[in-house]
Amino acid sequence: MPAQPDEIWDAIRTELRRETPDFKFHIWLEPLRLAAIRGATVYVRAPEHIRTSVVERYLPLLRRAAATGFDARAMVEVVGDDWEAPPADAGDPPERPSDRLNPKYTFDQFVIGAGNRFAHAAALAAAELPGHSYNPLFLHGSPGIGKTHLLHAVGNYVERFGSGLRVRYATIEEFTSEFVAAVRANRTAEFKQRFRGADVVLIDDVQFLAGRDRTREEFFHTFNSLLGAGRQLVMTSDRAPEDIPGLEERLIERFRSGLVAELETPEVGVRMAILAKRARLDNVELGPEALAEIAARVTTSVRALEGALIRVIAYASMNQHEATPELVRHVLRRLGVDETPDAHSVNEIIEATAQEFGLEPDDLRGKSRQQSVAAARHVAMYLAREMTRHSPSEIGEAIGGRDRKTVTHGITRATEVIGSDQLMRNSVNNLRRRLAHPA
């Protein structure tokens with residue numbers, strides 16, 4: 001019987017995968033994460049947008065999988081993002097931060113195109129000669145275009161061909177949580193050894209260092225220790241080092257001291273190849289016309305592309321329809337994920353946003369700095385950047401003649417608020433649905 005939490009969760013996921021069709025697993029079960037194990041109870045963390053559906057549809061399946069993969073008496077509770085684990089008992093499985101790499105994220109499974117060729121070559125070189133080629137390696141680009149895939153690919157390659165080299169993977173969130181726990185338990189020496197003693201350290205989402213002074217200080221010293229010892233460090237971020245807010249100059253300089261490589265949005269040929277490979281791996285049949293329709297309409301990221309494919313397959317299967325180009329258009333429009341260039345003009349977005357927030361369109365175009373108006377204006381900028389091909393300068397011109405810097409700041413501010421404020425997130429989702437179904 002597995003003893004470690006990550007081993008237990010792997011066993012449970014194996015059972016879930018065995019009993020669930022691929023498209024349902026990807027939509028409802030793959031996003032689940034292990035939150036904690038206390039006694040015979042497994043706490044599973046689900047994203048808020050699917051949590052209720054998981055409880056209603058899949059809780060019995062989760063309990064059966066836990067009984068098979070963990071303990072015949074096992075119970076399962078589905079919890080949200082803000083849930084905190086109760087104190088561990090002596091009989092609980094030992095907590096251990098996960099270093100587990102996704103076995104699907106390999107160099108062989110990465111689809112190469114003009115926008116990511118350089119980043120792929122750099123990551124492969126770092127994996128082949130850790131500590132010698134491109135150290136540190138800093139990969140950046142917008143969310144969902146393959147940074148984490150390359151990060152895991154480096155780790156998987158080293159674990160397979162690195163003759164026993166030790167790999168440590170963590171997101172900045174995990175690095176922070178483990179550091180805080182070590183400080184509270186007076187076990188910082190163990191924490192430092194865990195990362196500084198590794199041969200290859202992979203850190204995801206370093207943009208979240210912003211605003212975490214103690215973590216940033218510890219990361220700075222970890223960085224120096226790793227490079228001083230000739231160990232390989234690979235990092236990812238959704239923006240370039242100099243664009244990470246609140247990052248001091250000394251860290252920016254160190255991040256740029258090796259190689260900084262950007263991943264760009266995949267072009268249509270690469271998007272087609274990604275979809276074809278994903279369909280093949282999931283053993284689903286989708287004609288080239290339907291794949292081409294998805295590739296043409298979902299343009300921003302690999303993650304969005306694969307999500308669209310799963311939604312189309314699920315819709316076609318549940319309704320027993322053939323996945324034609326017409327069905328693709330219907331599903332993507334219905335779900336508000338059609339990213340066809342300029343499907344919505346900035347003016348449409350301004351009008352819809354003003355209505356959602358009880359304002360007039362001219363309020364958003366005007367000079368008012370009232371908090372409610374500014375927040376709505378930022379949302380309009382955010383949606384215009386998301387739903388059109390207009391540049392920040394063009395968006396600013398449509399929203400009262402504002403400059404690029406103002407729009408970029410507004411988008412950043414909206415992103416922060418949407419991430420922390422449920423009411424604002426609901427309003428933005430309402431707008432996405434409304435703009436996907438114009439009256």
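Two strands pair if DSSP finds at least two bridges between them; helices (H or I, at least four residues) and strands (E, at least two) are DSSP runs, numbered from the N terminus. This is a predicted model, with local features taken at pLDDT of at least 70. Residues are numbered from 1 along each chain.

Q: Which residue in β2 is the bridge partner of arginine 33?
A: Strand β2 covers residues 41-45 and is joined to β1 by 5 bridges. The two strands run antiparallel. Within β2, arginine 33 has as its bridge partner arginine 45.

Q: Which strands stand at the edges of the sheet, and why is one side of each left without a neighbour?
A: The sheet is open, with 3 strands in the order β1-β2-β3 and mixed pairing. Each edge strand has a single partner, so one of its sides has no neighbour in the sheet. These edge strands are β1 (33-38) and β3 (75-79).

Q: At what angle to β3 does helix α3 run?
A: Let's look at the helices that lie across the sheet. Helix α1 (residues 5-19) lies across β1 and β2, at about 120 degrees to β1 (angles run from 0 to 180 degrees between N-to-C directions). Helix α3 (residues 48-69) lies across β2 and β3, and its angle to β3 is about 155 degrees.

Q: Is threonine 222 buried or exposed?
A: Threonine 222 sits in helix α8 (residues 213-228). Leaving aside residues up to four places away in sequence, threonine 222 touches Phe175, Phe195 and Arg196 (heavy atoms within 4.5 Å). Its relative accessible area is 3%, and under 20% counts as buried, so threonine 222 is buried.

Conventions. This is a predicted model: local features need pLDDT of at least 70, side-chain atom pairs count only at pLDDT 80 or more; totals for chains, interfaces and linings use all residues. Side-chain values use heavy atoms; hydrogens and water are left out. Buried means under 20% relative accessible area, exposed over 50%, partly exposed in between (1.4 Å probe, protein chains only).
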